[in-house]
Amino acid sequence: MKGFELHEPKTVKEAVDTLTRIGPNAKVLAGGSDLVSGVMKDWVEGSGMPIPTALVDITTIPQLKGIRAAAAGITIGANTTLTEIFESKEVTGKLPLLAQAAHSVASPLIRNYATLGGNINQRPRCWFLRGPDFDCYKKGGDFCFSVGGDNRYHAIIGGELCYIVHPSDTAAALLALNAQAKIAGPAGERMVPFDSYFVGPRENILNENVLKANEILVEVFIPNPAAGTKQTWLKLKNREVYDFALISVAAAFTAAGDVWQDGRIVLGGVAPVPYRATAIENQLKGKNIKTSIKQAAAIIRTVARPMSMNAYKVDIAQNLVERTILQGLA
Ligand SMILES: Cc1cc2nc3c(=O)[nH]c(=O)nc-3n(C[C@H](O)[C@H](O)[C@H](O)COP(=O)(O)OP(=O)(O)OC[C@H]3O[C@@H](n4cnc5c(N)ncnc54)[C@H](O)[C@@H]3O)c2cc1C
Ligand code: SF4
């Protein structure tokens, strides 16, 4: 691995100032499970994705760690580890969906040091992107190798130029829970709903979210779900060991008896961003879930545009949506 400068700021302002001073060759470092032991170790680089020359380690900032419950909801610092999240009584009590999603990530060892901020902002897993020989669009090149290559794990919805699937399990859960991100940058802090945090390739092919190079995710705020909200998570993996989602479904919804009132359904593993299935949500509104879910889940077929090797994911997505919602109702 190439050498790099290491900066250890003690405050968010110091971190932002350091990122601003050094420029785009400086990267935020949290647990390092993706950045150091993935991207940098594997020399994933290109003109649009240079290997960082400086790392700004934000785990030295005490403000970024911890879980705080208040009247309106729960705030989780970006440096809180995934294990701390699913072991928290506040989170398991009020946000079981997030606890389950965090628990489903990777292995116990990784969850012990991987942070929420790192999980949300991790880079995609496309094997061409991670391979040194493929100078694709996302690295600043002029080609997408997944179109004519092995695309069995790629996007079935919303792929355009680039067909990655967003890899974060917690991101899907946070979107379903209507959470917001607090971002710090040179101009101060701003709140961004997760509805508009992630961006697809048409908007920015070189990044997967709205963060600028000198901004950091400070914390995540999850409002208290409405009383009686059903929260449910299912993740299908290719292997019976730790693995990324082939498809995942995060759902948070209210029902009067078996009748859908309101809620959110978010799919992971299908699109370059966590994909909110609003058409399915709208189809269910005011309907008996048990008798309507099959037809509603089939709507995924009308938006899916599978590639040459991944049409099987459309069937899985449809079935997993159905199973997840019925599991939540039970
Ligand atoms: C074997 C393996 C299996 C995995 N399986 C899964 C899985 O099933 N599901 C899943 O969701 N993930 C999975 N992952 C990914 C893993 O969860 C992430 O690598 C981890 O969560 C990243 O957290 P980190 O703290 O180590 O981040 P880092 O590696 O330090 O950072 C990751 C990225 O986020 C940026 N970043 C980190 N924190 C911030 C912040 N606060 N503000 C702005 N940018 C920030 C960094 O600059 C970097 O680009 C797996 C990883 C491995 C190695
Ligand atoms: S899907 Fe995206 S990351 Fe993968 S080869 Fe195509 S452009 Fe690169």
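Conventions to begin with. Residues are numbered from 1 along each chain as its sequence is written, chains are lettered from A and ligands numbered from 1 in the order in which they are written, and side-chain values use heavy atoms, with hydrogens and water left out. As the model is predicted, local features need pLDDT of at least 70 and side-chain atom pairs count only at pLDDT 80 or more, while totals for chains, interfaces and linings use all residues.

I start with ligand 1. How many residues surround ligand 1? There are 32, and the closest are Val28, Gly32, Ser33, Thr115 and Asp243. A residue belongs here if one of its heavy atoms lies within 4 Å of the molecule. By class, the shell around ligand 1 has 16 nonpolar, 11 polar and five charged residues. For these classes, Ala, Val, Leu, Ile, Met, Phe, Trp, Tyr, Cys and Pro are nonpolar, Asp, Glu, Lys and Arg are charged, and the others, Gly among them, are polar.

Which elements each supply at least two residues of that shell? They are strand 2 (26–29), helix 7 (116–121) and strand 8 (216–223). Helix 7 gives the most, with four residues. Helices (H or I, at least four residues) and strands (E, at least two) are DSSP runs, numbered from the N terminus.

Next, the polar contacts of ligand 1. A polar contact is a pair of N or O atoms within 3.5 Å; within protein, one must be able to donate a hydrogen and the other to accept it, and residues adjacent in sequence count only if both atoms are side-chain atoms. A polar side-chain atom of Asn119 is 2.9 Å from an oxygen atom of ligand 1. From the backbone there are Ala106, with an N or O atom 3.3 Å from a ligand oxygen, and Asn121, with a polar atom at 3.4 Å from a ligand oxygen. Taken alone, ligand 1 exposes 980 Å², and the protein buries 92% of that. Those areas come from the Shrake-Rupley method with a 1.4 Å probe; for residues, only the protein chains shown count as cover.

Ala106 sits in the loop between helix 5 (96–103) and helix 6 (108–113), and its phi is positive, about 45°, although it is not a glycine. Most residues other than glycine have a negative phi. Leu161 is another such case, with a positive phi of about 70°. Leu161 lies in the loop between helix 8 (127–130) and helix 9 (169–176) and is partly exposed, at 33% relative accessibility. On the terms: buried is under 20% relative accessible area, exposed is over 50%, and partly exposed is in between (1.4 Å probe, protein chains only).

On a 1 Å grid over the protein atoms alone, a cavity is a set of points where a 1.4 Å probe fits but cannot get out, and a pocket is an open set with protein on both sides within 12 Å along at least five of seven lines; lining residues have an atom within 4 Å of a point. Points are joined across faces, edges and corners, and a volume is the space filled by probe spheres set on the points.

The second largest pocket has a volume of about 330 Å³. Its lining has 18 residues, with Ala176, Ala252, Asp262, Gly263 and Arg264 nearest the centre. Strand 10 (247–256), strand 11 (259–268) and helix 10 (278–284) each give two or more residues to that lining. The lining divides into seven nonpolar, six polar and five charged residues.

The structure holds one cavity of 30 Å³ or more. The largest cavity has a volume of about 90 Å³. Of the 14 residues lining it, Cys126, Cys136, Cys144, Cys162 and Tyr163 are closest to the centre. The lining has 11 nonpolar, two polar and one charged residues.

Is Ser88 buried or exposed? Ser88 counts as buried because its relative accessibility is 8%. Ser88 is in the loop between helix 3 (82–86) and helix 4 (89–94), and a polar atom of its side chain lies 3.2 Å from the backbone nitrogen of Glu90. Glu90 is in helix 4 and is partly exposed at 38%.
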